[in-house]
Amino acid sequence: MLASIVRVLFTTYTLILLAKVIGSWFPQGRGHPIMRFLNFLTDPYLNIFRKIIPPIGGMIDLSPLIGFLVLQFAETLILRYI
């Protein structure tokens, strides 16, 4: 039961992060309320990684990639101990 909840939470946040990444490919949508909401949900998490590895050339942001990897690792670790 608890493992299922953890999986759902991690999957949900991963999908939110994925939606933010895909939405960032469309600059005209940056001011859209949905994108502002996705940024509100994901930027605090991604800013942790942006402090470690800033965007390359000001354009290529690797923080989502690192964020996905850390989420996967954390989920696996948590599920192992449940």
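**Ground rule first**

"Partly exposed" here means a relative accessible area between the 20% under which a residue is buried and the 50% over which a residue is exposed. I looked up D61 with that in hand: D61 has a relative accessible area of 26%, so I put it down as partly exposed. I also noted that the model is a predicted one.

**Overall fold**

I started with the secondary structure of the protein chain and got three helices and zero strands. Reading along the sequence, I wrote the pattern down as α-α-α. I then boxed the C-alpha atoms along the principal axes, and they fill roughly 40 × 30 × 15 Å.

Next I checked burial and found that 24% of the 82 residues are buried. For contacts with a separation of 6 or more, I got 57% from residues 24 or more positions apart. The accessible surface came out at about 6,000 Å², and carbon and sulfur atoms hold 75% of that.

**Helix α1**

I went to α1 next, which runs over residues 2-24 and has 23 residues. From first C-alpha to last, α1 reaches 33 Å, close to the 33 Å expected at 1.5 Å a residue. Which residues of α1 are buried? My list reads V6, F10, I16, L17, K20, V21 and G23. I looked at what these buried residues pack against, and the partners are α2 (33-52) and α3 (63-81).

**The salt bridges**

I checked the value: K20 has 9% relative accessibility, which is why it counts as buried. What does K20 form a salt bridge with? The partner is D43, with the closest N and O atoms 3.6 Å apart. K20 is in helix α1 and D43 in helix α2, so this pair ties together parts that are 23 residues apart in sequence. D43 itself is partly exposed, because its relative accessible area is 21%.

D43 has another salt bridge to note, with R50, where the closest N and O atoms are 3.5 Å apart. I followed R50 onward and found its side chain meeting that of D61 in a salt bridge, 2.9 Å from N to O. R50 sits in helix α2 and D61 in the loop between α2 and α3, so the pair ties together parts 11 residues apart in sequence. Through shared partners, the salt bridges join K20, D43, R50 and D61 into one network. My total count is three salt bridges.

**E75, a charge without a bridge**

I then looked at E75, which lies in helix α3. E75 is buried, yet I found no salt bridge for it. How far away is the nearest side chain of opposite charge? That side chain is R7, at 5.0 Å, whereas a salt bridge needs the side-chain nitrogen within 4 Å of the carboxyl oxygen. Leaving out residues up to four places away in sequence, E75 touches R7 and F10.

**Nonpolar patch**

Last, I looked over the surface and found a nonpolar patch of about 630 Å². Its members are M1, L2, I5, L9, I78 and I82. Which element gives the largest share? α1 does, with three residues. M1 is in the segment before α1, and I put it down as exposed because its relative accessibility is 78%.

Key
Residues numbered from 1 in each chain as written. Predicted model: local features only at pLDDT ≥ 70, side-chain atom pairs only at ≥ 80, totals over all residues. Heavy atoms only, no water. Helix = DSSP H or I, 4+ residues; strand = E, 2+ residues; numbered from the N terminus. Expected span 1.5 Å × (residues − 1). Buried < 20%, exposed > 50% of the residue type's maximum accessible area, 1.4 Å probe, protein only. Contact = heavy atoms within 4.5 Å. Patch = residues over 30% accessible without salt bridge, like charges linked within 9 Å, V, L, I, M, F, W, Y side chains within 5 Å. Areas by Shrake-Rupley, 256 points an atom, 1.4 Å probe, with all protein chains shown as cover. Lys, Arg positive; Asp, Glu negative; His and termini not counted.
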